[in-house]
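Please keep the structure open while reading.

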Amino acid sequence: MHTNDLTNITFYQKKRDILLMKASYHQFPCILKATPSSRKEMVQALHDEYDVLSTIDHPAVPRYYGIMDKVCLGETTQPHTILCMEHRPGTSLGQLAEQMPLSSIIDEVCRIGDVLKVLLDAGILYMDLHGDNILLHQQKDKTQITLLDYTCCYYYQHNPHPDYALRFSHRLDPLLKGQQLLIQELTFLIYELTESKKEASNELPSRLYTLLSSGSHPTETMSLGDFLDLLKECMI
């Protein structure tokens, strides 16, 4: 891609080591992620994100349009690496959870769990899971779900020893393997979302409470698929 492919560039927000801008890419709304070219570890992080995510075709994953090195755009006054990706509309699950019934929250968490499974099969261990990284958008008779923010995920097949620090939303057990880490992460997400509804753990349905107790400390024999199947059954 080229800089002249982008128009209507405006500042969006500063997020950790990344500057976010909104723009249009050939008239399509997009988000630009920018990091100074001097930040070699973050340049690597954006390239890993683009190299792997641009190959993923899934309705919950935004499209990736391109990446450019050592360019100045919008708010940037020094050379930056800039990643261009689709801008998805929606409201965060974290904002919506307080008004949602427990069954709907669990439904959306299960959908995200299925996305995490697809990503894991593609060599991506996503560990920045929280309510603000999950968007819901009503489209006619269905709700589109989007998982955001793949910068500094663990792309263990593409780059098993990255220079950048991996991002964790929760205090996960570093001794757990990939599937068990995701089980623990989904468990903590459910606690986060139900806590925002002011539902204490002892008020959760007994089957769900028992499963979450197991999910907080998953055994090696518990697979992500089995956990999701049990989670779906809890609300039947």
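Tyr-25 and Tyr-65 are both buried (under 20% relative accessible area, with exposed over 50% and partly exposed in between; 1.4 Å probe, protein chains only). This is a predicted model: local features need pLDDT of at least 70, side-chain atom pairs count only at pLDDT 80 or more, and totals for chains, interfaces and linings use all residues. Residues are numbered from 1 along each chain as its sequence is written, and side-chain values use heavy atoms, leaving out hydrogens and water.

The structure holds three aromatic pairs. Rings of Phe, Tyr and Trp (its six-membered ring) pair if their centres lie within 6.5 Å; planes under 30 degrees apart are stacked, over 60 edge-to-face, and the rest tilted. Two of the pairs, Tyr-25 with Tyr-65 and Tyr-126 with Tyr-150, are listed here.

| Pair | Centre to centre | Angle between planes | Class |
|---|---|---|---|
| Tyr-25 and Tyr-65 | 4.8 Å | 20° | stacked |
| Tyr-126 and Tyr-150 | 5.5 Å | 70° | edge-to-face |

Tyr-25 lies in strand S2 and Tyr-65 in strand S4 (residues 64-71), so their pair ties together parts 40 residues apart in sequence. Helices (H or I, at least four residues) and strands (E, at least two) are DSSP runs, numbered from the N terminus.

Tyr-126 and Tyr-150 are buried too. Tyr-126 sits in the loop between helix H3 (102-121) and strand S7 (134-139), and Tyr-150 in the loop between strand S8 (142-147) and helix H4 (178-196), so this pair ties together parts 24 residues apart in sequence.

Strand S2 (residues 18-25) runs antiparallel to strand S1 (residues 6-15), joined by seven bridges. Pairing requires at least two DSSP bridges between two strands. Lys-15 has Ile-18 of S2 as its bridge partner. S1 and S2 form a hairpin with two residues between them. Arg-16, in the turn, has a positive phi of about 55°.
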